[in-house]
Amino acid sequence: MAGPSEGLTKRRRARKCAGCGAERPKGEMLRVVRAPDGAISIDASGRAQGRGAYICRDAVCLDRALKKNAFARVLKHPVDRSFYGEVAGFLEGKSDDA
Ligand SMILES: [Zn+2]
């Protein structure tokens, strides 16, 4: 993959997927964030305050992340398994799946 004119101005940091480890532009990934109070949530805007983790918008990556509890590792905070289900629902475009 060759990006057009990269690295000359402000260095655009690629984000690393918590599942597969691939680096992609931020816009192609989903961010999850640990708020200062420890709450873990999906950061759809990508701009929420707190420590962030990124994942490809791909169920396969999410599954990999779940198996190693990658969000907990990246966020340095316990992450409940149900959160991965929440992310899966988000990726599928459902807001709730009762
Ligand atoms: Zn990935």
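Trainee: Which residue just after α1 takes a positive phi?
Mentor: N69 does, at about 45°. Before you go on, this is a predicted model, where local features need pLDDT of at least 70, side-chain atom pairs count only at pLDDT 80 or more, and totals for chains, interfaces and linings use all residues. Residues are numbered from 1 along each chain as its sequence is written.

Trainee: Okay, how many helices and strands are there in the chain?
Mentor: Three helices and five strands. From the N terminus, the order is β-β-β-β-β-α-α-α. Helices (H or I, at least four residues) and strands (E, at least two) are DSSP runs, numbered from the N terminus.

Trainee: What's the strand order in the open sheet?
Mentor: β4-β3-β5, three strands with antiparallel pairing. Two strands pair if DSSP finds at least two bridges between them. β4 (40–43) and β5 (51–56) are at the edges with a single partner strand each, so one side of each has no neighbour in the sheet.

Trainee: And what does the twist average from one strand to the next?
Mentor: 30°. Axes are lines fitted to C-alpha atoms, for helices over the stretch in contact, and angles run from 0 to 180 degrees between N-to-C directions.

Trainee: How many bridges join β3 and β4?
Mentor: Four, with β3 covering residues 29–34. V32 faces I42 in β4, and R34 sits opposite I40. The hairpin has five residues between the strands, and G38 there has a positive phi near 95°.

Trainee: A39 is in that loop between β3 and β4 too. Is A39 buried or exposed?
Mentor: Exposed, because A39 has 10 other C-beta atoms within 10 Å. The cut-offs are 20 or more other C-beta atoms within 10 Å for buried, 12 or fewer for exposed, and partly exposed in between, with C-beta atoms placed from the backbone. The C-alpha atoms of A39 and P78 are 9.8 Å apart, although these residues are 39 residues apart along the chain.

Trainee: Switching to α1, which of its residues are buried?
Mentor: C61, L62 and A65. They cover an arc of only 100° around the axis, so they are on the same side of α1. That arc is taken from the directions from the helix axis to the C-beta atoms. V60, D63 and K67 are exposed on the other side.

Trainee: What covers the buried ones?
Mentor: The cover includes β5, α2 and α3.

Trainee: Which residues touch the most other members of the largest nonpolar core?
Mentor: C17, A18, V32, Y54, I55, A65 and F71, out of 19 residues. Such a core is a set of buried Ala, Val, Leu, Ile, Met, Phe, Trp, Tyr and Cys residues joined through C-beta atoms within 7 Å. β3, β5, α1 (59–67), α2 (70–75) and α3 each give two or more residues to this core.

Trainee: What is C17 in contact with, leaving aside neighbours within four places in sequence?
Mentor: A22, R24, M29, Y54, I55, C56 and C61. Contact here requires C-beta atoms, placed from the backbone, within 7 Å.

Trainee: Last one: where does α3 lie?
Mentor: Helix α3 (residues 81–91) lies across β3 and β4, at about 15° to β4.

Note on methods: Contact = placed C-beta atoms within 7 Å.
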